[in-house]
Amino acid sequence: MRWLRLRAAPFSATLLAIALLSGTARLLRHSTVQAQTPPATQLSVYSPQTFYTVPLLNLNGQPYVGLAELLEPLGGVEARPDGKKYKLKFTPSGAHEMEFQFQDGKDNGKVKGDKVKLPSIFAIQDGRGYVPLSSVSELLSRALSTQIRLSPSARRLFVGNVGERLTLDLRKGTPSKLFVSFDSPVNPTIATEPGHIRFTFRREPVMSPVDHESYADPLITGANFSEHDGIAELDITGTSPLMANFADGGKTIIVTGAPPPPPPTPVAQAPPPETTVPPATAQPPKAPSGPRFLVLIDPAHGGTEVGSAISPTLPEKDVVLTLARKVQRELQSRGIAAGLMRNADIAITLDQRAISANAARPALYVALHAANSGRGVHIFTSLLPAEMVSSRDFLPWETAQSPYLDLSGIVAGSVSSELEARKLPNATLAAPLRPMNNIATPAIAVEIASPTGNVDDIASPAYLDSVAQSIAAGIAAVRGKIPEVRP
Amino acid sequence: MTRPIVWMFAALLLIAAGLGFYAYHLKTKVASEEQRLAQQSQAIVPPASGPTALVTLYVASDQDGGLRRSQINVALPQERSERARAILRALLGAYMQPGSQHPIGAGSDVRDVFLMGGDTAVIDTNAAFADAHPSGVLAEELTIASMVTTLNASDPSITRVKILVDGKERDTLAGHADLRRFYQASGIGQVLKDSQ
């Protein structure tokens, strides 16, 4: 027995030693390296004003969403993490300010002074507050006092009375036609393969009362609706290749059999209707071809490319995304179409930005930056010699902005005047800024710094609102001088 | 729990605590060593060879968003590219002084200046110059403008300037200002003209 005890003692001690050393190593590692959890996926949010996506984070084995990132497109947000405490002031459009209070590691908090209990703990990571995705519906309905519908498995969130209900109507004939109708025009991505035509809705809040329909028809045999990863898909199945035509201004998609390929003949044939989508390809339907005035807003940086560190917990990429959304709202409220280069925390290279901007064919490109030094607002045009090149010629990539410098200068001057009118310190300069040199349309860049010299003031909602209003008003004032562009 | 296990447990606990203390000690030692090296590299001394001369520097100010003319005594070598390098090192040295109006990263340096065709200078900076440079459109533009304008002021025949980092072309200085292009001294002077 004594022998057994002596043998057992070193064995237990070895186990204890391993456990202790492993525990010490874990403690040491934890004290120096902060654990990073890769992002899970993203949540698509549809509201009456806008569509946007918010990255989801995998924490405690479930998806979490950044509270500030979720609320920002819906109103003014001022988030202040203070150690383990997290306070967020939220002012929805046309409503009063309210406060969210949570604490890292606790599952209870307050919204508008009322106690709320989260299904799981609140988490603070890198100065950002995260709530469980499953709590979003309750938090938003308390904050916005409106109906919120969340589909956690599909990663789709509907704010208010938003939603495009699709209806299916099969009209039998030779060939049969399936009419897919919506309340307003839609612009899905279309993919076809033998026996299938699939519509993918990324930006539209498309919903369906049924998931599956079967048809006793020799051509169209069924329709399947599904939602996943923040998108909705409608898959029409048939016995032969299918094609889609858009009708009623994009509110109706007519699915029918694709005509057989034409036999090889030298006789000229009439071109197919413009709205016909040929099978065996994946492409969006043709957009209206009239000239339009679109402002493309490019919030700089994103993803792992954080830009300048405004403060230890506030990177440039976040400040400019907030500002970009405000500028978009201000422009839209002035009747000007505005799009965002990114509406989420994603990385886009400089060349990709230029390529996307030129492909979108905007009438004006506005890049947004933020700096942790200096004061006020700087408006930049490209530092290039103005060249006597027609914008209708092929333009060299490195100097594509040259023919547009005069118009860019007009916009910069107008924005500067609006900033001046709001008593915001500003200056207009030329800068060797990428990717502005590669943009083949009038282009400006706006870099904001603190209005007071205190960097914390840079993200103040009042300051950002004022800058956004100045940019939008400046653009609206010279809209008549900037040519519309045919997409 | 028997007595030997208790002793063994206590001994292991002591070892674990000792290891933890040692790891913390190593961490602080590495941090202080890095700080010491950074402080050492801040002191960029212009080359001692050559007679001292008064040179004009165009020094950037983040608050003003412009360049200010100032003069400084620098020991200047006879060789033209070495002279240009000495002047640029003096400029970067000014930015690394405490209280600088346009601070740049510690350890920033000019490795070489190559003069080509009489009017073109290629400045080869070290990695610290770009890697630790404050990120921002204006901050980066001011650095480039001050280098180009200072070089042009000291040697008016230099009208085109390109900046390399560690001997290689780089897309941007710190995410904003284009480093793939040649800068014309007259063009980048717009920063001076517009902001003063």
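## A hairpin in chain A

Asp82(A) stands across from Lys85(A), which belongs to strand 5 of chain A. The structure is a predicted model, and this pair belongs to a region where strand 4 and strand 5 of chain A are paired in the antiparallel sense over eight bridges. The two strands make a hairpin with two residues between them, and in the turn Gly83(A) has a positive phi of about 65°.

On the next pairing, strand 5 (residues 85-92) of chain A is joined by six bridges to strand 6 (residues 98-103) of chain A, again with the strands running antiparallel. Within this pairing Leu88(A) has Phe100(A) of strand 6 as its bridge partner.

## The five-stranded sheet

These pairings are part of an open sheet of five strands in chain A, whose order is 4-5-6-7-8 and whose pairing is antiparallel. Its edges are formed by strand 4 (75-82) and strand 8 (114-117) of chain A, each of which pairs on one side only. Averaged over the sheet and with direction ignored, neighbouring strands are turned by 20° against each other. Strands of a sheet pair through backbone hydrogen bonds, in either a parallel or an antiparallel arrangement.

Strand 7 (residues 108-111) of chain A contains Val111(A). Is Val111(A) buried or exposed? Val111(A) is buried, because 20 other C-beta atoms lie within 10 Å, and 20 is the count at which a residue is taken as buried. The C-alpha atom of Val111(A) is separated by 4.6 Å from that of Phe100(A), although the two residues are eleven apart along the chain. When neighbours within four places in sequence are left aside, Val111(A) is in contact with Phe100(A), Val116(A), Leu139(A), Arg142(A) and Ala143(A).

## Helix 6 of chain A and its surroundings

Helix 6 (residues 405-421) of chain A has 17 residues and spans 24 Å from its first C-alpha to its last, which is close to the 24 Å expected at 1.5 Å a residue. The buried residues of helix 6 include Leu407(A), Val411(A), Ala412(A), Val415(A) and Leu419(A), and also Ser408(A) and Glu418(A).

Which elements do the buried residues of helix 6 of chain A pack against? They pack against strand 30 (364-370), strand 31 (377-382), strand 32 (426-431), strand 33 (443-448) and helix 7 (461-477), which belong to chain A as well. After helix 6 of chain A comes Lys423(A), whose phi is positive, near 60°.

## Nonpolar cores

The largest nonpolar core has 105 residues, and those that touch the most other members are Val295(A), Leu323(A), Val366(A), Ile444(A) and Leu88(B). Helix 4 (residues 137-154) of chain B gives the most to this core, with nine residues. Apart from this core lies another, of 35 residues, among them Tyr64(A), Leu70(A), Ala143(A) and Leu157(A).

## Chain B and a loop residue

Chain B has five helices and six strands, and from the N terminus on its elements run α-β-β-α-β-β-α-α-β-β-α. Of its 196 residues, 36% count as buried. Among contacts in chain B between residues at least 6 apart in sequence, 65% join residues at least 24 apart.

Thr159(B) lies in the loop between helix 4 and strand 5 (160-165) of chain B. Thr159(B) and Ser186(B), which are 27 residues apart in sequence, are 7.4 Å apart in space, C-alpha to C-alpha.

## Chain A as a whole, and confidence

Chain A contains seven helices and 33 strands, and of its 487 residues, 39% are buried. Among its contacts between residues at least 6 apart in sequence, 62% join residues at least 24 apart.

The mean pLDDT of chain A is 82, with 84% of its residues at 70 or more. Over residues 1-9 of chain A, however, pLDDT stays under 50, and the model has four contacts for this stretch beyond four places in sequence. Residues 24-39 of chain A also have pLDDT below 50, and twelve contacts beyond near neighbours in sequence are found for them in the model. Where pLDDT is low, the predicted coordinates should not be read in detail.

Technical notes: Residues numbered from 1 in each chain as written. Chains lettered and ligands numbered in written order. Predicted model: local features only at pLDDT ≥ 70, side-chain atom pairs only at ≥ 80, totals over all residues. Pairing = 2+ DSSP bridges. Helix = DSSP H or I, 4+ residues; strand = E, 2+ residues; numbered from the N terminus. Axes fitted to C-alpha atoms, helices over the stretch in contact; angles between N-to-C directions. Expected span 1.5 Å × (residues − 1). Buried ≥ 20, exposed ≤ 12 C-beta atoms within 10 Å, placed from the backbone. Contact = placed C-beta atoms within 7 Å. Core = buried A, V, L, I, M, F, W, Y, C linked by C-beta atoms within 7 Å. pLDDT = per-residue confidence, 0-100.
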